Amino acid sequence: MPQFSSRVEAVSISGIREVFESAGEDAINLGIGQPDFPTPDHARDAATNAIEAGTVDGYTSNKGNRSLREAIGEKHERDNKFTVDPANVITTAGGSEALHLALEAHVEPGQEVIIPDPGFVSYEALTHIAGGTPTPVGLRDDLTMDPAAVERAITEDTAAFVVCSPANPTGAVQSKGDMRAFARIADEHDVVCVSDEVYEQIVFDGDHHSPMAFADTDSVVVVNACSKAYSMTGWRLGWVAASHERTERMLRVHQYIQACASAPAQYAAEAALTGPQSVVDRMVSAFEERRDVLLDGLSDIGLETPTPHGAFYAMPRVPDGWVDAVLDRDVIVVPGEAFGDRGSGHARISYATGTESIKEALERMDDATTAVR
Ligand SMILES: Cc1ncc(COP(=O)(O)O)c(C=O)c1O
């Protein structure tokens, strides 16, 4: 019997994959976490031109091309009202690697990481991989995370807490006051706030705020990516932004597990970040329209759904047996418990798919709801 590390044994394959595999080939897929738009032409062209010019055949600097990191710094200054020296940005293989770096560099074996429950599946898994212990914290009725609940969960063993806004799987957007409070908590308790901002651009009501803009110390690590904002999930380009001290520790991990982010993707990302942002506006308008269609439909079916103000997910409260009944009707949705114990009684529905598919799926959900009520 081979021996495996207890860190890896503590992690299982994502429940989302199991749902995909159980569905029929022609199923309507409302389980998917990626926009259904193409990557903007100017981003694709930048990568193609770099490939043809032969400039991407070798490693880049470990942190990534300086010009890309400058573009990221300018983006944070423009959109997020904080300044980061490009030297303190590491470009990564998507937001996923960025989260891994943040936790690996800050969590000692046995230390606790406070995570939202329900929350994005990687937080729990990456905490285990770093040898830490996840401390799931329940959400408010509107599915936002309460800073007071985070503060109550802090112990002397807490290394970090993760904030995700707009959130997967809930679509909830934290208020400016909450983000200010998260920054204060991280500062005062000397724990790291890992702020996952990969859905930052996809906000319908209100604005996105980063806790980094409010922190008085270097207690916040920002994780971001081009994946969702520019429909670039396949390119694998994200980043971390933090203080010099923290970046230097995260670089030690990045250097050995990744060396550098994919060079063609770096060119595409730079073009996406510095090019016209109207492509993002068009995607966000489409998501907002779809959200409204979905929310109206769910309300007609009689399912209570906290209004998602961002990302492209909704999380209705559903009766027992609902997810299976919907899957039986060839619509893929993800059971809430895939995102944590407190997700049970909910389902995650992604609306990163066309309106006609959403309308057809709603009819089948109506039928499934009648069957299980
Ligand atoms: C909240 C959240 N953070 C991070 C990621 C990882 O994104 P990437 O595809 O850039 O690795 C995802 C992907 O679904 C996500 O939903």
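**Figure 1. Helices α4 and α10 are roughly parallel to each other.** This close-up, like those that follow, is taken from a predicted model. The axes of α4 and α10 cross at roughly 30° and come within 9 Å. Angles under 35 degrees count as roughly parallel, and α4 and α10 are therefore described in that way. The crossing in which α4 passes α10 is left-handed. On the α4 side, the contact is made by S67, L68, A71, I72 and K75. On the α10 side, the residues that take part are Q266, A269, E270, L273 and T274. Sorted by class, the contact of α4 with α10 holds five nonpolar, three polar and two charged residues. Helix α4 covers residues 66-80, and helix α10 covers residues 263-274.

**Figure 2. Residue K81 has a positive phi value.** K81 is found in the loop between α4 and β2. Strand β2 spans residues 89-92. The phi angle of K81 is near 60°, and K81 is a residue other than glycine.

**Figure 3. Helix α5 packs against helix α9 at an angle of about 110°.** The axes of α5 and α9 lie 9 Å apart. The angle makes α5 roughly perpendicular to α9, because angles of 65 to 115 degrees are placed in that category. Four residues of α5 are named in this contact: L101, A102, E104 and A105. They meet R246, R249, M250, V253 and H254 of α9. By class, the contact of α5 with α9 comprises five nonpolar, one polar and three charged residues. Helix α9 runs over residues 244-257.

**Figure 4. A shell of 13 residues surrounds the ligand.** The closest of these residues are G94, G95, S96, N168 and S227. Helix α5, which comprises residues 94-106, gives the most to the shell, with three residues. The shell divides by class into four nonpolar, eight polar and one charged residues.

**Figure 5. Two cis peptide bonds are shown, one from S165 to P166 and one joining N168 and P169.** For the bond from S165 to P166, omega is near -15°. For the bond between N168 and P169, omega is about 15°. P166 lies in the loop between β5 and α8, and P169 is also placed in the loop between β5 and α8. Strand β5 spans residues 158-164, and helix α8 spans residues 176-189.

**Figure 6. Helices α11 and α13 pack at an angle of about 15°.** The axes of these two helices are 10 Å apart. With an angle under 35 degrees counting as roughly parallel, α11 and α13 are therefore roughly parallel to each other. The crossing of α11 past α13 is right-handed. Helix α11 brings E289, R290, V293, L294, G297 and I301 to the contact. Helix α13 brings T355, I358, K359, L362, M365, D366 and T369. By class, the contact of α11 with α13 has six nonpolar, three polar and four charged residues. Helix α11 comprises residues 278-301, and helix α13 comprises residues 355-372.

**Figure 7. Domain 1 and domain 2 meet along the protein chain's domain boundary.** Domain 1 is made of residues 6-39 together with residues 278-372, while domain 2 is made of residues 41-274. Taken over C-alpha atoms, the centres of the two domains are separated by 24 Å. The contact takes 35 residues from domain 1 and 37 residues from domain 2. On the side of domain 1 that touches domain 2, the elements giving two or more residues are α11 and β9, the latter at residues 313-314. Which element gives the largest share of this side of domain 1? The largest share comes from α11, with six residues. By class, this side of domain 1 has 19 nonpolar, 10 polar and six charged residues.

Note on methods
Residues are numbered from 1 along each chain as its sequence is written. This is a predicted model: local features need pLDDT of at least 70, side-chain atom pairs count only at pLDDT 80 or more; totals for chains, interfaces and linings use all residues. Axes are lines fitted to C-alpha atoms, for helices over the stretch in contact, and angles run from 0 to 180 degrees between N-to-C directions. Angles under 35 degrees count as roughly parallel, over 145 as roughly antiparallel, 65 to 115 as roughly perpendicular and the rest as oblique. A crossing is left-handed if the near helix is turned anticlockwise from the far one by less than a right angle, and right-handed if clockwise. Two residues are in contact if their C-beta atoms, placed from the backbone, lie within 7 Å. Ala, Val, Leu, Ile, Met, Phe, Trp, Tyr, Cys and Pro count as nonpolar, Asp, Glu, Lys and Arg as charged, and the others, Gly among them, as polar. Domain bounds come from an automatic or database domain assignment. A residue is near a molecule or strand if its C-beta atom, placed from the backbone, lies within 6 Å of it.
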